[in-house]
Amino acid sequence: MSADPREREDGLGWVTRALFPGDGSRVTVQRHATPGAPAWAIVPSVERARFLVPLGNRRVAAASMLAYNGLRSGPTRAVRSVLGSFARTGALPFPVLSATGSLVDHLASVLEEPHLFAAVGIRPPDPNRKPTLQLFGPDGRPRGYAKVGWNEATRGLVRAESAALRGLPRNAGPGYPVTPRPLHAGEWAGQEIGVTAPLPERVRRLSDPDEPRPAAMLAVARRGGPPGERVPLAESPFLHRLRQETAQVAGPEGTAIRAAVEALATRAAGVAVELGDWHGDWVPWNLGEVPTATGSALVAWDWEHSGPGVPVGFDLAHQAFNTALVVGGRRAGEAAEAAVAAVRRHGPALGLEPAAAGPVVDAYLIEMWLRTWRLAAGGAGWNPDLHPALLEVLEFRNT
Ligand SMILES: Nc1ncnc2c1ncn2[C@@H]1O[C@H](COP(=O)(O)OP(=O)(O)OP(=O)(O)O)[C@@H](O)[C@H]1O
Ligand SMILES: [Mg+2]
(Lines give C-alpha, C1' and ligand atoms only; values in the text may rest on other atoms or scores of the structure.)
(Ligands and ions follow the chains in the order given, each with its own letter.)
Protein backbone atom coordinates (compact mmCIF):
# COMPACT_ATOMS: atom_id res chain seq x y z
CA MET A 1 0.00 0.00 0.00
CA SER A 2 2.95 2.33 0.37
CA ALA A 3 3.85 3.01 -3.30
CA ASP A 4 4.46 6.71 -3.86
CA PRO A 5 1.21 8.13 -5.32
CA ARG A 6 3.22 10.79 -7.16
CA GLU A 7 4.31 8.13 -9.62
CA ARG A 8 0.75 7.54 -10.78
CA GLU A 9 -0.50 8.70 -14.18
CA ASP A 10 -3.99 9.55 -12.94
CA GLY A 11 -5.55 12.50 -11.11
CA LEU A 12 -4.11 11.40 -7.77
CA GLY A 13 -0.62 11.39 -9.26
CA TRP A 14 -1.12 14.78 -10.87
CA VAL A 15 -2.46 16.41 -7.70
CA THR A 16 0.09 14.89 -5.34
CA ARG A 17 2.96 15.96 -7.61
CA ALA A 18 1.62 19.53 -7.40
CA LEU A 19 1.14 19.48 -3.62
CA PHE A 20 4.22 17.53 -2.58
CA PRO A 21 6.82 18.19 -5.26
CA GLY A 22 10.39 17.05 -5.21
CA ASP A 23 12.58 15.27 -2.75
CA GLY A 24 11.78 17.69 0.06
CA SER A 25 8.47 15.89 0.62
CA ARG A 26 8.00 12.39 1.91
CA VAL A 27 4.69 10.84 0.90
CA THR A 28 3.28 7.53 2.09
CA VAL A 29 -0.07 5.79 1.71
CA GLN A 30 -1.05 3.47 4.53
CA ARG A 31 -3.96 2.30 6.54
CA HIS A 32 -3.24 4.83 9.29
CA ALA A 33 -1.64 8.24 9.52
CA THR A 34 2.07 8.54 10.20
CA PRO A 35 2.43 10.23 13.61
CA GLY A 36 3.48 13.86 13.31
CA ALA A 37 2.81 14.22 9.57
CA PRO A 38 -0.22 15.98 8.06
CA ALA A 39 -2.59 13.36 6.66
CA TRP A 40 -5.48 13.05 4.24
CA ALA A 41 -8.09 10.37 3.64
CA ILE A 42 -8.04 9.28 0.01
CA VAL A 43 -11.76 9.05 -0.80
CA PRO A 44 -12.96 6.53 -1.86
CA SER A 45 -9.77 4.64 -2.82
CA VAL A 46 -6.34 5.11 -4.32
CA GLU A 47 -7.56 3.74 -7.65
CA ARG A 48 -10.67 5.90 -7.85
CA ALA A 49 -9.60 8.91 -5.78
CA ARG A 50 -12.07 11.82 -5.86
CA PHE A 51 -11.12 13.82 -2.75
CA LEU A 52 -8.31 14.23 -0.30
CA VAL A 53 -10.03 14.95 3.01
CA PRO A 54 -7.74 16.51 5.65
CA LEU A 55 -7.42 14.43 8.81
CA GLY A 56 -6.28 15.27 12.32
CA ASN A 57 -9.20 17.54 13.18
CA ARG A 58 -12.73 16.16 12.86
CA ARG A 59 -14.36 19.55 12.62
CA VAL A 60 -12.15 20.40 9.66
CA ALA A 61 -12.67 17.02 8.00
CA ALA A 62 -16.44 17.45 8.25
CA ALA A 63 -16.33 21.08 7.12
CA SER A 64 -14.28 20.15 4.09
CA MET A 65 -17.16 17.96 2.91
CA LEU A 66 -19.98 20.29 3.94
CA ALA A 67 -18.72 23.79 3.08
CA TYR A 68 -20.17 25.40 -0.04
CA ASN A 69 -22.64 22.60 -0.57
CA GLY A 70 -25.10 25.26 -1.75
CA LEU A 71 -23.02 25.33 -4.94
CA ARG A 72 -23.17 21.60 -5.62
CA SER A 73 -25.65 19.56 -7.58
CA GLY A 74 -28.14 17.44 -5.60
CA PRO A 75 -26.29 14.09 -5.97
CA THR A 76 -22.87 15.59 -5.11
CA ARG A 77 -24.37 17.34 -2.10
CA ALA A 78 -25.88 14.05 -0.90
CA VAL A 79 -22.56 12.17 -1.14
CA ARG A 80 -20.72 14.97 0.62
CA SER A 81 -23.31 15.19 3.40
CA VAL A 82 -22.89 11.48 4.17
CA LEU A 83 -19.09 11.77 4.11
CA GLY A 84 -19.34 14.88 6.30
CA SER A 85 -21.28 12.97 8.97
CA PHE A 86 -18.74 10.12 8.91
CA ALA A 87 -15.92 12.62 9.15
CA ARG A 88 -17.50 14.23 12.20
CA THR A 89 -17.39 10.90 14.04
CA GLY A 90 -13.81 10.28 12.94
CA ALA A 91 -14.90 7.23 10.94
CA LEU A 92 -13.52 7.61 7.44
CA PRO A 93 -12.66 4.09 6.26
CA PHE A 94 -10.27 5.13 3.51
CA PRO A 95 -6.54 4.81 2.83
CA VAL A 96 -4.50 7.56 4.42
CA LEU A 97 -1.90 9.67 2.70
CA SER A 98 0.69 11.21 5.03
CA ALA A 99 3.11 13.82 3.77
CA THR A 100 5.62 16.28 5.05
CA GLY A 101 6.87 19.35 3.23
CA SER A 102 3.78 20.32 1.27
CA LEU A 103 2.28 23.32 -0.45
CA VAL A 104 -0.01 23.61 2.56
CA ASP A 105 2.99 24.37 4.82
CA HIS A 106 4.05 27.07 2.37
CA LEU A 107 0.53 28.55 2.29
CA ALA A 108 0.31 28.49 6.09
CA SER A 109 3.47 30.53 6.18
CA VAL A 110 2.54 33.12 3.51
CA LEU A 111 -1.01 33.47 4.88
CA GLU A 112 0.31 33.63 8.44
CA GLU A 113 -2.04 30.87 9.55
CA PRO A 114 -0.36 28.71 12.20
CA HIS A 115 -2.62 25.72 11.50
CA LEU A 116 -3.94 25.33 7.99
CA PHE A 117 -5.75 22.35 6.49
CA ALA A 118 -6.50 21.73 2.83
CA ALA A 119 -9.23 19.71 1.13
CA VAL A 120 -8.41 18.76 -2.40
CA GLY A 121 -10.72 17.67 -5.20
CA ILE A 122 -9.27 15.15 -7.64
CA ARG A 123 -10.10 15.16 -11.31
CA PRO A 124 -8.40 13.47 -14.24
CA PRO A 125 -5.22 15.32 -15.24
CA ASP A 126 -5.89 17.91 -17.91
CA PRO A 127 -3.37 20.38 -19.34
CA ASN A 128 -6.00 23.14 -19.09
CA ARG A 129 -6.87 22.52 -15.47
CA LYS A 130 -5.28 23.29 -12.16
CA PRO A 131 -5.17 21.39 -8.89
CA THR A 132 -7.14 23.46 -6.36
CA LEU A 133 -7.22 23.50 -2.56
CA GLN A 134 -10.00 24.57 -0.25
CA LEU A 135 -8.22 25.90 2.85
CA PHE A 136 -9.58 25.69 6.40
CA GLY A 137 -8.51 26.83 9.85
CA PRO A 138 -8.68 24.53 12.91
CA ASP A 139 -12.12 25.96 13.73
CA GLY A 140 -13.47 24.47 10.48
CA ARG A 141 -14.03 27.86 8.86
CA PRO A 142 -12.78 28.43 5.29
CA ARG A 143 -9.58 30.47 5.06
CA GLY A 144 -9.10 30.63 1.31
CA TYR A 145 -9.02 28.89 -2.01
CA ALA A 146 -5.76 28.14 -3.80
CA LYS A 147 -5.08 27.34 -7.45
CA VAL A 148 -1.85 25.78 -8.66
CA GLY A 149 -0.64 26.64 -12.17
CA TRP A 150 1.74 23.82 -13.08
CA ASN A 151 2.35 24.08 -16.85
CA GLU A 152 2.88 27.16 -18.99
CA ALA A 153 -0.80 27.47 -19.90
CA THR A 154 -2.14 27.14 -16.35
CA ARG A 155 0.64 29.21 -14.80
CA GLY A 156 -0.48 31.98 -17.18
CA LEU A 157 -4.12 31.55 -16.12
CA VAL A 158 -3.35 31.69 -12.40
CA ARG A 159 -1.14 34.75 -12.90
CA ALA A 160 -3.82 36.43 -15.03
CA GLU A 161 -6.51 35.79 -12.45
CA SER A 162 -4.44 37.19 -9.59
CA ALA A 163 -3.72 40.31 -11.66
CA ALA A 164 -7.36 40.64 -12.70
CA LEU A 165 -8.62 40.34 -9.12
CA ARG A 166 -6.11 42.91 -7.92
CA GLY A 167 -7.28 45.27 -10.67
CA LEU A 168 -11.00 45.04 -9.92
CA PRO A 169 -12.58 48.26 -8.67
CA ARG A 170 -13.04 48.64 -4.92
CA ASN A 171 -16.42 49.72 -3.61
CA ALA A 172 -17.83 49.57 -7.12
CA GLY A 173 -21.40 50.01 -5.95
CA PRO A 174 -24.42 47.82 -5.35
CA GLY A 175 -24.82 46.51 -8.94
CA TYR A 176 -21.29 45.09 -9.05
CA PRO A 177 -21.00 41.35 -8.33
CA VAL A 178 -19.38 40.14 -5.12
CA THR A 179 -15.91 38.90 -6.08
CA PRO A 180 -13.23 36.89 -4.24
CA ARG A 181 -10.55 39.08 -2.68
CA PRO A 182 -7.01 38.12 -3.69
CA LEU A 183 -4.98 36.99 -0.68
CA HIS A 184 -1.71 35.83 -2.16
CA ALA A 185 0.02 35.44 -5.51
CA GLY A 186 3.47 34.01 -6.01
CA GLU A 187 5.68 31.18 -7.17
CA TRP A 188 6.45 28.01 -5.30
CA ALA A 189 8.41 24.98 -6.52
CA GLY A 190 8.19 26.19 -10.11
CA GLN A 191 4.43 26.55 -9.88
CA GLU A 192 2.28 29.67 -9.90
CA ILE A 193 0.06 29.91 -6.84
CA GLY A 194 -2.98 32.16 -6.49
CA VAL A 195 -5.02 32.29 -3.28
CA THR A 196 -8.33 34.07 -2.85
CA ALA A 197 -10.29 34.82 0.29
CA PRO A 198 -13.22 32.46 0.91
CA LEU A 199 -16.43 33.09 -0.97
CA PRO A 200 -19.36 33.98 1.32
CA GLU A 201 -20.27 30.73 3.07
CA ARG A 202 -23.95 31.11 2.18
CA VAL A 203 -23.30 31.32 -1.56
CA ARG A 204 -25.60 29.02 -3.54
CA ARG A 205 -26.26 28.09 -7.13
CA LEU A 206 -28.17 30.57 -9.27
CA SER A 207 -31.89 29.97 -9.03
CA ASP A 208 -32.30 30.97 -12.68
CA PRO A 209 -29.00 30.15 -14.39
CA ASP A 210 -30.15 30.98 -17.93
CA GLU A 211 -31.34 34.47 -17.11
CA PRO A 212 -28.89 37.07 -18.44
CA ARG A 213 -27.95 39.75 -15.94
CA PRO A 214 -27.33 42.79 -18.07
CA ALA A 215 -27.12 45.22 -15.14
CA ALA A 216 -24.31 43.21 -13.52
CA MET A 217 -22.56 42.76 -16.87
CA LEU A 218 -22.71 46.52 -17.43
CA ALA A 219 -21.38 47.19 -13.94
CA VAL A 220 -18.41 44.91 -14.70
CA ALA A 221 -17.87 46.53 -18.11
CA ARG A 222 -17.97 50.04 -16.61
CA ARG A 223 -16.11 49.13 -13.39
CA GLY A 224 -19.12 50.38 -11.48
CA GLY A 225 -18.76 53.79 -13.14
CA PRO A 226 -20.73 55.80 -15.69
CA PRO A 227 -21.26 54.73 -19.31
CA GLY A 228 -18.27 55.06 -21.61
CA GLU A 229 -18.20 56.67 -25.00
CA ARG A 230 -19.37 54.66 -27.99
CA VAL A 231 -16.80 54.16 -30.71
CA PRO A 232 -17.00 52.75 -34.25
CA LEU A 233 -16.13 49.05 -33.84
CA ALA A 234 -14.24 48.88 -37.14
CA GLU A 235 -11.81 51.64 -36.08
CA SER A 236 -11.65 50.82 -32.39
CA PRO A 237 -8.56 50.04 -30.31
CA PHE A 238 -10.14 46.62 -29.82
CA LEU A 239 -10.03 45.89 -33.56
CA HIS A 240 -6.48 47.21 -33.69
CA ARG A 241 -5.52 44.70 -30.97
CA LEU A 242 -7.16 41.85 -32.89
CA ARG A 243 -5.06 42.79 -35.93
CA GLN A 244 -1.88 42.86 -33.84
CA GLU A 245 -2.54 39.57 -32.09
CA THR A 246 -3.65 37.70 -35.18
CA ALA A 247 -0.49 38.88 -36.97
CA GLN A 248 1.42 36.55 -34.60
CA VAL A 249 -0.48 33.44 -35.69
CA ALA A 250 1.49 31.27 -38.12
CA GLY A 251 0.31 28.92 -40.85
CA PRO A 252 -3.12 28.38 -42.35
CA GLU A 253 -4.76 29.21 -39.02
CA GLY A 254 -3.14 32.64 -39.19
CA THR A 255 -4.49 33.21 -42.69
CA ALA A 256 -7.97 32.13 -41.61
CA ILE A 257 -8.14 34.22 -38.45
CA ARG A 258 -6.79 37.34 -40.19
CA ALA A 259 -9.44 36.91 -42.89
CA ALA A 260 -12.05 36.73 -40.13
CA VAL A 261 -10.76 39.99 -38.61
CA GLU A 262 -10.91 41.79 -41.97
CA ALA A 263 -14.40 40.43 -42.64
CA LEU A 264 -15.41 41.74 -39.22
CA ALA A 265 -13.95 45.17 -40.01
CA THR A 266 -16.07 45.30 -43.19
CA ARG A 267 -19.18 43.96 -41.53
CA ALA A 268 -18.87 46.33 -38.59
CA ALA A 269 -18.97 49.49 -40.74
CA GLY A 270 -21.46 51.85 -39.11
CA VAL A 271 -21.68 49.83 -35.89
CA ALA A 272 -20.78 51.71 -32.70
CA VAL A 273 -20.00 49.93 -29.42
CA GLU A 274 -18.92 50.83 -25.92
CA LEU A 275 -15.65 49.21 -24.86
CA GLY A 276 -15.14 48.01 -21.31
CA ASP A 277 -13.97 45.20 -19.03
CA TRP A 278 -15.36 41.71 -19.20
CA HIS A 279 -15.37 38.87 -16.74
CA GLY A 280 -14.28 36.58 -19.55
CA ASP A 281 -15.96 33.35 -18.42
CA TRP A 282 -19.47 34.43 -17.50
CA VAL A 283 -21.25 31.07 -17.22
CA PRO A 284 -23.64 29.74 -14.56
CA TRP A 285 -20.93 27.51 -13.05
CA ASN A 286 -18.76 30.54 -12.29
CA LEU A 287 -21.62 32.48 -10.69
CA GLY A 288 -23.76 32.17 -7.57
CA GLU A 289 -25.91 34.27 -5.32
CA VAL A 290 -25.93 35.19 -1.64
CA PRO A 291 -28.96 36.28 0.33
CA THR A 292 -29.01 39.96 1.30
CA ALA A 293 -31.41 42.06 3.36
CA THR A 294 -33.28 43.02 0.21
CA GLY A 295 -33.07 39.82 -1.84
CA SER A 296 -29.85 38.43 -3.22
CA ALA A 297 -26.53 39.56 -4.64
CA LEU A 298 -24.67 38.02 -7.54
CA VAL A 299 -21.28 36.41 -6.80
CA ALA A 300 -18.76 35.97 -9.63
CA TRP A 301 -15.49 33.99 -9.42
CA ASP A 302 -13.03 32.50 -11.93
CA TRP A 303 -11.60 35.74 -13.39
CA GLU A 304 -8.78 33.97 -15.27
CA HIS A 305 -9.92 35.27 -18.64
CA SER A 306 -10.95 38.75 -17.61
CA GLY A 307 -9.61 41.77 -19.43
CA PRO A 308 -10.26 45.38 -20.44
CA GLY A 309 -11.17 47.05 -23.73
CA VAL A 310 -13.65 44.65 -25.29
CA PRO A 311 -17.08 45.46 -26.75
CA VAL A 312 -19.81 45.54 -24.13
CA GLY A 313 -21.88 42.41 -24.80
CA PHE A 314 -19.02 39.88 -24.78
CA ASP A 315 -20.08 38.40 -21.43
CA LEU A 316 -23.64 38.09 -22.73
CA ALA A 317 -22.42 36.39 -25.92
CA HIS A 318 -20.19 34.07 -23.87
CA GLN A 319 -23.00 33.02 -21.55
CA ALA A 320 -25.30 32.17 -24.46
CA PHE A 321 -22.54 30.51 -26.52
CA ASN A 322 -21.31 28.29 -23.68
CA THR A 323 -24.73 27.44 -22.35
CA ALA A 324 -25.64 26.16 -25.83
CA LEU A 325 -22.30 24.39 -26.33
CA VAL A 326 -21.70 22.87 -22.89
CA VAL A 327 -25.14 22.52 -21.32
CA GLY A 328 -27.09 22.06 -24.56
CA GLY A 329 -24.46 19.90 -26.27
CA ARG A 330 -24.94 21.93 -29.45
CA ARG A 331 -22.33 22.40 -32.17
CA ALA A 332 -20.23 25.56 -32.33
CA GLY A 333 -22.22 26.95 -35.28
CA GLU A 334 -25.52 26.56 -33.44
CA ALA A 335 -24.00 27.98 -30.29
CA ALA A 336 -22.88 31.04 -32.28
CA GLU A 337 -26.47 31.46 -33.52
CA ALA A 338 -27.68 31.24 -29.92
CA ALA A 339 -25.20 33.98 -29.01
CA VAL A 340 -26.45 36.24 -31.83
CA ALA A 341 -30.05 35.67 -30.72
CA ALA A 342 -29.17 36.50 -27.09
CA VAL A 343 -27.30 39.68 -28.05
CA ARG A 344 -30.14 40.76 -30.34
CA ARG A 345 -32.69 40.16 -27.58
CA HIS A 346 -30.88 41.47 -24.51
CA GLY A 347 -28.36 43.79 -26.20
CA PRO A 348 -30.64 46.85 -25.94
CA ALA A 349 -30.34 46.59 -22.13
CA LEU A 350 -26.59 46.98 -22.70
CA GLY A 351 -27.03 49.89 -25.10
CA LEU A 352 -26.42 47.70 -28.17
CA GLU A 353 -28.52 48.29 -31.27
CA PRO A 354 -29.87 45.09 -32.90
CA ALA A 355 -27.60 45.57 -35.96
CA ALA A 356 -24.58 45.24 -33.66
CA ALA A 357 -25.44 41.66 -32.63
CA GLY A 358 -23.76 39.90 -35.59
CA PRO A 359 -20.51 41.89 -35.51
CA VAL A 360 -20.24 41.72 -31.70
CA VAL A 361 -20.61 37.94 -31.81
CA ASP A 362 -18.07 37.66 -34.67
CA ALA A 363 -15.66 39.74 -32.60
CA TYR A 364 -16.33 37.51 -29.59
CA LEU A 365 -15.69 34.33 -31.63
CA ILE A 366 -12.36 35.73 -32.85
CA GLU A 367 -11.41 36.57 -29.26
CA MET A 368 -12.36 33.03 -28.18
CA TRP A 369 -10.32 31.47 -30.97
CA LEU A 370 -7.33 33.57 -29.89
CA ARG A 371 -7.80 32.34 -26.31
CA THR A 372 -7.86 28.75 -27.57
CA TRP A 373 -4.75 29.42 -29.64
CA ARG A 374 -2.87 30.96 -26.68
CA LEU A 375 -3.70 27.94 -24.50
CA ALA A 376 -2.55 25.57 -27.23
CA ALA A 377 0.68 27.55 -27.58
CA GLY A 378 1.13 27.21 -23.78
CA GLY A 379 1.11 23.41 -24.03
CA ALA A 380 -2.55 22.80 -23.21
CA GLY A 381 -3.44 21.32 -26.61
CA TRP A 382 -6.30 22.52 -28.81
CA ASN A 383 -9.73 22.55 -27.26
CA PRO A 384 -11.53 20.11 -29.59
CA ASP A 385 -14.89 21.85 -29.09
CA LEU A 386 -13.51 25.14 -30.37
CA HIS A 387 -10.75 24.34 -32.84
CA PRO A 388 -11.02 24.20 -35.81
CA ALA A 389 -14.78 24.68 -35.33
CA LEU A 390 -14.55 28.40 -34.51
CA LEU A 391 -12.54 29.13 -37.66
CA GLU A 392 -15.11 27.24 -39.73
CA VAL A 393 -17.99 29.06 -38.06
CA LEU A 394 -16.32 32.42 -38.69
CA GLU A 395 -15.70 31.56 -42.32
CA PHE A 396 -19.29 30.39 -42.75
CA ARG A 397 -20.67 33.52 -41.07
CA ASN A 398 -18.71 35.71 -43.44
CA THR A 399 -19.79 34.07 -46.70
N1 LIG B 1 -12.59 31.95 -3.11
C2 LIG B 1 -13.26 30.80 -3.10
N3 LIG B 1 -13.79 30.32 -1.96
C4 LIG B 1 -14.47 29.16 -1.93
N5 LIG B 1 -14.69 28.40 -3.01
C6 LIG B 1 -14.22 28.82 -4.20
C7 LIG B 1 -13.48 30.04 -4.31
N8 LIG B 1 -13.13 30.21 -5.60
C9 LIG B 1 -13.61 29.14 -6.25
N10 LIG B 1 -14.27 28.30 -5.42
C11 LIG B 1 -14.93 27.03 -5.76
O12 LIG B 1 -14.11 26.30 -6.64
C13 LIG B 1 -14.73 26.08 -7.90
C14 LIG B 1 -13.72 26.24 -9.01
O15 LIG B 1 -13.22 27.57 -9.01
P16 LIG B 1 -12.87 28.32 -10.35
O17 LIG B 1 -14.03 28.24 -11.28
O18 LIG B 1 -12.35 29.67 -10.03
O19 LIG B 1 -11.66 27.43 -10.81
P20 LIG B 1 -11.33 26.66 -12.14
O21 LIG B 1 -9.97 26.12 -11.96
O22 LIG B 1 -11.58 27.51 -13.29
O23 LIG B 1 -12.34 25.46 -12.07
P24 LIG B 1 -13.37 24.94 -13.14
O25 LIG B 1 -12.53 24.40 -14.24
O26 LIG B 1 -14.12 23.91 -12.34
O27 LIG B 1 -14.20 26.14 -13.54
C28 LIG B 1 -15.82 27.11 -7.95
O29 LIG B 1 -16.87 26.67 -8.79
C30 LIG B 1 -16.23 27.24 -6.50
O31 LIG B 1 -17.11 26.20 -6.16
MG1 LIG C 1 -14.78 27.83 -13.03
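**View 1. The protein chain as a whole.** The protein chain of this predicted model contains twelve helices and 14 strands. Its radius of gyration is 23 Å, close to the 21 Å that the globule rule gives for 399 residues, so the chain is as compact as a globular protein of that length. Along its principal axes, the C-alpha trace spans about 70 × 55 × 35 Å, and 44% of the 399 residues count as buried. Among contacts between residues at least 6 apart in sequence, 68% join residues that are at least 24 apart.

View 2. The domain assignment divides the protein chain into domain 1, residues 5-196, and domain 2, residues 214-397. The centres of domain 1 and domain 2, taken over C-alpha atoms, are separated by 31 Å. Across the boundary, 21 residues of domain 1 are in contact with 21 residues of domain 2, and the side of domain 1 that touches domain 2 is made up of 13 nonpolar, six polar and two charged residues.

**View 3. The shell around ligand 1.** Ligand 1 is surrounded by 14 residues, of which the closest are Tyr 145, Pro 180, Thr 196, Leu 199 and Asp 302. By residue class, the shell consists of seven nonpolar, three polar and four charged residues. Both domain 1 (5-196) and domain 2 (214-397) contribute residues to this shell, so ligand 1 lies between them.

View 4. Most residues other than glycine have a negative phi, and most peptide bonds are trans. Asp 302 counts as partly exposed because 18 other C-beta atoms lie within 10 Å, whereas burial would require 20 or more.

View 5. With 17 other C-beta atoms within 10 Å, Arg 223 is partly exposed. Glu 211 sits in the loop between strand E9 (191-196) and H6, and Glu 211 counts as exposed because it has 11 C-beta neighbours inside 10 Å. Between Glu 211 and His 240 there are 29 residues of separation in sequence and 32 Å in space, C-alpha to C-alpha.

**View 6. Helix H10 and the elements that cover it.** Helix H10, residues 332-346, has 15 residues and reaches 21 Å from its first C-alpha to its last, close to the 21 Å expected at 1.5 Å a residue. Its buried residues are Ala 332, Ala 335, Ala 336, Ala 338, Ala 339, Val 340, Ala 342, Val 343 and His 346. An α-helix has 3.6 residues a turn, so residues three or four places apart point the same way. The cover over the buried residues of H10 includes helix H6 (214-221), helix H9 (314-327), helix H11 (357-380) and helix H12 (389-397).

View 7. Among the residues of H12, Ala 389, Leu 390, Leu 391, Val 393 and Leu 394 are buried, and the buried residues of H12 pack against helix H8 (251-267), H10 and H11. In the loop between H11 and H12 lies Pro 388, which is joined to His 387 by a cis peptide bond with omega about 5°.

**View 8. A cis bond at Pro 44.** The peptide bond from Val 43 to Pro 44 is also cis, with omega near -5°. Pro 44 belongs to the loop between strand E2 (39-43) and strand E3 (51-54).

**View 9. The surroundings of Ala 234.** Ala 234 is placed in the loop between strand E10 (230-232) and helix H7 (237-246), and it counts as partly exposed because it has 16 C-beta neighbours inside 10 Å. Leaving aside neighbours within four places in sequence, Ala 234 is in contact with Leu 239, Ala 265, Ala 268 and Ala 269. Ala 234 and Arg 397 are 163 residues apart in sequence, yet their C-alpha atoms are 17 Å apart in space.

Technical notes: Residues are numbered from 1 along each chain as its sequence is written. Chains are lettered from A and ligands numbered from 1 in the order in which they are written. This is a predicted model: local features need pLDDT of at least 70, side-chain atom pairs count only at pLDDT 80 or more; totals for chains, interfaces and linings use all residues. A residue is near a molecule or strand if its C-beta atom, placed from the backbone, lies within 6 Å of it. Ala, Val, Leu, Ile, Met, Phe, Trp, Tyr, Cys and Pro count as nonpolar, Asp, Glu, Lys and Arg as charged, and the others, Gly among them, as polar. Domain bounds come from an automatic or database domain assignment. Two residues are in contact if their C-beta atoms, placed from the backbone, lie within 7 Å. Helices (H or I, at least four residues) and strands (E, at least two) are DSSP runs, numbered from the N terminus. The expected span of a helix is 1.5 Å times one less than its number of residues. A residue is buried if 20 or more other C-beta atoms lie within 10 Å of its own, exposed if 12 or fewer, and partly exposed in between; C-beta atoms are placed from the backbone. The radius of gyration is taken over C-alpha atoms; the globule rule is 2.2 Å times the number of residues to the power 0.38.
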